[in-house]
Amino acid sequence: MWLLFMCSLLLQLTVAQSQYLNDKTKVSLILANKTEFVVNGSGLPFVNFDIGESYAGYLPNTPSGISSLYFWFFPSSDPKASDEITVWLNGGPGCSSLAGIMLENGPFLWQPGTYRPVRNPYAWNKLTNMVYIDQPAGTGFSLGPSTVVSESDVARQFIDFWKRFVNTFDLQNRKIYLTGESYAGQYIPYIASQMLDQKNETYFRVAGVQINDPYINDLTVLQDVPALATVNQHRSLFPFNDTFMAEITTQSQDCGYTSLLNDALTFPPNSTFPRVPYNSSCAVYSAIINASTALNPCFNRYHITESCPFPWNPVGGPIVGLGPTNYFNRSDVQKAINAYPTDYFVCKKGIFPTTNGLDISPPSSLGPLPCVIEQTNNTIIAHGLLDFELLSKGSLISIQNMTWNGKQGFERQPVEPLFVPYGQSGGGVLGTAHTERGLTFSENLTPVGYWILTWIEIPEYAPSAAYRQLKFLLGRISNMSVA
């Protein structure tokens, strides 16, 4: 009787504990011992629905670093994700990856100008296990100080953190997909390269890379060289007078930018292109920014269709309407997501203590990016033509100057259609998607016919297209041009 009583009691306790874990904290049975990292999916301030299972907290980046990095991990319920983990990094440098959760591809979205968060029908954790990481140290919730100067420093500290993350959540031997935007175009190729160099598939089985509107070359190439062509492409959004247009046209020609652009965007490329040194008398890009701001005081170089007033941004920005202006700076939010009390800024300066605020490493297209393409044969560079911070043609110039898998650049002009199944954010042919020798270059259209992907918000402005690109990266589909 005593034995039967104890067995019955044990069974009741087990059922009660399982019910508590599933209903109260949404902890999976596999990860039930990770309670220090559990986030209560029903307990986020202002969010009136359960965001599902997730884990957040800190893990050290030592010995390469001297502090810890903050992460927020969202396991996927898709059985096809059982062998993979996908990383999202925002750029900056110094911008928190939590902006990606809340504005782009997380399970809940709080879009500018709206009163409360909503469910995200295109949440990336519906497809794959997602982890968002604030890095390098000093970014977002990650503890400082920053001790990085080069991308080699960044990669070493990330790798030390990553091995601990894998061990903490028993993610050994999984395929790793590294994704992100903007300055992640610098972070990710260097991190991927160092991971691949480890020759250790237990922890560093890199299977693919996607970088959106990326920083991959000198700013002269990404901004000044294609600036005039971009203005001409969107002439109605840059209503300059004839005198100013004549000035920047002459300037671009005299500085060699026009001829370089024409030579570079040849398929296949004729030759390698010389480095383009910065010349203060050839600052075409700055002249355009200054003139645009004079015409439109609310000119947004990251999304050039915007005008006054500034849209309210829930992760930090000018106020328009009701609600908090910095969601992640609330003490109740920080407590709910296991973050230390922090004066949170979505983007911080000083991550790299250099004169220009950038790292001292060569741009990734002149460094590890070609080798990463060769080793993964699964790299995507995605872009949008309404971004005037890092221009699409600048990325294409950089591609045409790279040599990978035995040849330089693309042999054919990227014109194949990007087909997106019809859904809540439109569908049909929403851009282009071109692949050669393991590298895909993709640009996107909105349903109303504008090229629109922006510097840091591709999944926000064209979520169905971004979702389609992710499926391709993960190998769920073999071709983005057909239904």
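This note covers the nonpolar cores and aromatic contacts of a predicted model.

1. Ground rules. Local features need pLDDT of at least 70 and side-chain atom pairs pLDDT 80 or more, while totals for chains, interfaces and linings use all residues. Residues are numbered from 1 along each chain as its sequence is written, and side-chain values use heavy atoms, without hydrogens and water.

2. Main core. A nonpolar core is a set of buried Ala, Val, Leu, Ile, Met, Phe, Trp, Tyr and Cys residues joined through side-chain atoms within 4.5 Å. Buried means under 20% relative accessible area, with a 1.4 Å probe and protein chains only. The largest core has 57 residues; Phe71, Ile133, Trp162, Phe165 and Met195 touch the most other members. Helix H3 (residues 151-168) gives the most, with eight residues; helices are DSSP runs (H or I) of at least four residues, strands (E) of at least two, numbered from the N terminus.

3. Aromatic pairs. Rings of Phe, Tyr and Trp (its six-membered ring) pair if their centres lie within 6.5 Å; planes under 30 degrees apart are stacked, over 60 edge-to-face, the rest tilted. The structure holds 38 such pairs. Phe71 and Phe169 are edge-to-face, 5.8 Å centre to centre with 80° between the planes. Phe71 is in strand S3 (residues 68-74) and Phe169 in the loop between H3 and strand S8 (175-181), 98 residues apart. Both are buried. Phe238 and Phe388 form a tilted pair, at 5.2 Å and 50°.

4. Aromatic cluster. Phe71 and Phe169 also belong to one aromatic cluster, whose members include Trp162 and Phe165.

Note on methods. Buried means under 20% relative accessible area, exposed over 50%, partly exposed in between (1.4 Å probe, protein chains only).
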